[in-house]
Amino acid sequence: MKELLKGGYVEDGSFPLKPLGKYIHIILRTRTLSETIFRTDEGLTIETVKAGINDNNEIQRVIMSKRKRIAAERRIGREFLMNYKLKDESCEINQSMCGRCLDCTVYGFAAGEKGKETEGALKSRVITENAYSILPYEMISDVRTFNALSELGTMMEKKEKKEKIELTMRQSLGENEYIKPEVDFIDIETLKDLRFAEVLYALGNILRTKRYGAMDSRLGKVKNEIIAIIISDAEIFGSLELTKKVWDKLEVKEHILEENIVDEKILESVKELLDGEFCKYKIVEKNDLKVLKDEIKSIYLKPEDNLISLFKNVKSIFDK
Ligand SMILES: [Zn+2]
């Protein structure tokens, strides 16, 4: 795997203070496996865009926000770090972030609250975009009256507000818009100037995340499928451009899309769009991609063997 991804990660062990132009782009198809609400107060997030690059019609697509994606993936990563004692309990997102653990090092951290000890801030080196549904909003969404139980198993909702936890009555007895099961979103996650162990962390988080949306929700089961990985020396096209290209290529544009066909069209589109880029690149696909996924699987199956010590030795921005 180190060989397959060569050129896309920083080989030196110290924290890369200067931008080095090493990019790993992960092309993702995320499929909903249950009714899903990417919850905001107003319901689903929808955007009017052109249907395709050739198809000039306007359609409305549902958006899966980059914030939701990263929040969910970080949660999975942090769980792992906690479980294997690779992170201090006191490091918490948006509260007091240590800046030293692998998660803070990869996804960045913000300066702590006044009086707390974190120095400075660091930007994320995992760059994400909003993901777009391939099919239009009307086809993939529906409305239903929800009576969603929270994780407390009651009609109470736990609202975490900084230090204090408030219990409020859940107000979800009204109507709620949701995304149907078996809906596909296309996304690109970019790892910029990560070291190899950090790449393993980010890839592991993508493949191990099974749920987006609110933490206490029982909705929102998803599956992330990596369709291709592109290693390059500059940033490439974006997720909307890719989604539009795939739309143009699909012969059947009806819910539920055939997974194999969609994946084939994504790969074709990736190659055609790369052809228009002005950078050096390499695609990891098909059998090579399978080898890579199998390797990640076995690494996470027995983290004691290798992964934990790899993670332990990653130098933070504060280490010399
Ligand atoms: Zn931390």
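Five nonpolar, one polar and two charged residues make up the lining of the largest cavity (nonpolar covers Ala, Val, Leu, Ile, Met, Phe, Trp, Tyr, Cys and Pro; charged covers Asp, Glu, Lys and Arg; the others, Gly among them, are polar). Those lining residues are I134, L135, I140, E182, V183, D184, H255 and L257. Here a cavity is a set of points, on a 1 Å grid over the protein atoms alone, where a 1.4 Å probe fits but cannot get out, and lining residues have an atom within 4 Å of a point.

This is a predicted model, with local features needing pLDDT of at least 70 and side-chain atom pairs counted only at pLDDT 80 or more, while totals for chains, interfaces and linings use all residues. Residues are numbered from 1 along each chain as its sequence is written, and side-chain values use heavy atoms, leaving out hydrogens and water.

Now for the rings. The whole structure holds seven aromatic pairs (Phe, Tyr or six-membered Trp rings with centres within 6.5 Å; planes under 30 degrees apart are stacked, over 60 edge-to-face, the rest tilted). Take F80 and Y84: their centres are 4.7 Å apart with 45 degrees between the planes, a tilted pair. F80 is buried at 5% relative accessibility, whereas Y84 is partly exposed at 26% (buried is under 20% relative accessible area, exposed over 50%, partly exposed in between, with a 1.4 Å probe and protein chains only). Both F80 and Y84 belong to one aromatic cluster with Y107, Y201, Y300 and F311.

Elsewhere, the charged end of K253 sits over the ring of W247, 5.2 Å from its centre (the cut-offs are NZ of Lys or CZ of Arg within 6 Å of the ring centre and within 35 degrees of the ring normal).

Note on methods: 1 Å grid on protein atoms, 1.4 Å probe; cavity = no way out; pocket = protein on both sides within 12 Å on 5 of 7 lines; lining within 4 Å.
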